[in-house]
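Have a look at the model first, then read on.

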Amino acid sequence: MIHTEAATLDEVIDQALNKAKQTNRQQLVSFVDYIEPIDPILFYAGAAVMGDTRHFWKSADEDFVMAGIGAAVRLASPKNDRFQDIQSQWKQLMEHAYRFDRYEQKGTGPVAMGGFSFDPFKESTDLWTAFESSQLEIPAYLLTKVGSDHYLTINAIIYPDDHKEQLKFQWQEAKTVLLQDKNHSFIAPEILEQTEIEPEAWKQMVKKATEDIEAGVVDKVVLAREMRLKFDENVDVAQVLQHLEDTQTNSYIFAFESDGVQFVGATPERLVKVENQNLLSTCLAGTIPRGETPEQDEQLGQELLTDEKNLEEHQFVVRMIRDAIESCSENVDIPASPVLYPLKNLQHLYTPVRARLKQGHTLLDVVSRLHPTPALGGLPQEEAIEYIREFEPLDRGWYAGPVGWFDSNQNGEFAVAIRSALIEKNRASLFSGCGIVKDSDPEMEYEETAIKFTPMLAVLGGA
């Protein structure tokens, strides 16, 4: 990666074309500009007229938002060693990339946005045909909001035989469309059908899992299920994002598009964040509803903090995260006991894990060690994943997988894609899961998954 001083758009195109002709190879070029404030969701909504793929990311605990339009580059990998393969592709791409940027702000310049499936070895179905098991894109146009500052990045692959005036016209035309004043009307579609997929069979699967856990097959396994919605017209994903932003505080809000299908969610669960080599991971396991009054809310919270099953489940995850982090980090710091993490509909047990990423390790190294956590797969990890692969009929796809972003300055963040839905035109599939241990009650676990459907179901107009 070569950083340059400030340059005009003309100078950027000239330098990039000259380099492409000298080397006789294509060149990734990234140009970052400071722009007037624009609402990222309206930016995302207005870009629909361009017909390109769209991606969205909003941080859970800081004023940081990205909205990406189009794809300058797509990174994808087959099943084996997919995290290492994506990292290798990224490194090779950055070795021949030019970044024109006077601001050096995180989340600007070349940024890869996307995710990974929960289990690349699970037999896939038509549900997830549009998404590969690992897929990240560098948006052609990227809006980044950091606090009150807004930046627009143009990323492009330039070829030796490209024409300067054509490139200049294309970029300026796109900027005009994307940055014009937005006045988007949100119209909520009506749900025609709301169907839970075989709930009684799912309860029987939970019962079988408790028997297998008692027999020592696994210690814990997370089982998920699906709900399907059909609407009277196509879902406006920008409206869904707006509703999630309005209602789901302390959550990552995301949307990733592939071949016209959108994977959307509001997850409270960070997998890992790296900024200036400082690493932050999160253990978020153990769930109870919010109360209807402050007194009931506090009572439920205290119940969660003293509940043996939830505390055991939480400690499973803390130990696994610690072991994974220690292998590639130093100065690991973990509090002795969890605290409550409140959301609109639910509250969770929460333990932060902080460390310093060792030189030579990357964000994706950490992701590969952390995924899947016991909160999403189970324990022991390998046996639990094999159990899910064999007995869970659901094709999870990217549900419960790592989704997020990273940039060319080693910054990035991945969350666990729960509280999510796969949306295609006028249909949606919602996903929810819970951890099963030997004393789990199928009916209670069913009710827990019903509660976890709530965040996405509510913004889609369901009951």
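## A buried pair

E445 and K309 form a salt bridge, with their closest N and O atoms 3.8 Å apart; that term covers a side-chain nitrogen of Lys or Arg within 4 Å of a carboxyl oxygen of Asp or Glu. Because E445 lies in helix α11 (residues 442–459) and K309 in helix α8, the pair ties together parts 136 residues apart in sequence. Helices here are DSSP runs (H or I, at least four residues), numbered from the N terminus. E445 and K309 are both buried, meaning under 20% relative accessible area, while exposed is over 50% and partly exposed is in between (1.4 Å probe, protein chains only).

This is a predicted model, so local features need pLDDT of at least 70 and side-chain atom pairs pLDDT 80 or more, while totals for chains, interfaces and linings use all residues. Residues are numbered from 1 along each chain as its sequence is written, and side-chain values use heavy atoms, leaving out hydrogens and water.

## Other salt bridges

The structure holds 26 salt bridges. One of them joins E211 and K207 at 2.8 Å, N to O. These two are 4 residues apart in helix α5 (residues 199–214), so about one helical turn separates them. E211 is partly exposed at 42% relative accessible area, and K207 is partly exposed too, at 38%.

R290 and D297 also meet in a salt bridge, at 2.8 Å from N to O. R290 is partly exposed at 29%, whereas D297, at 15%, counts as buried.
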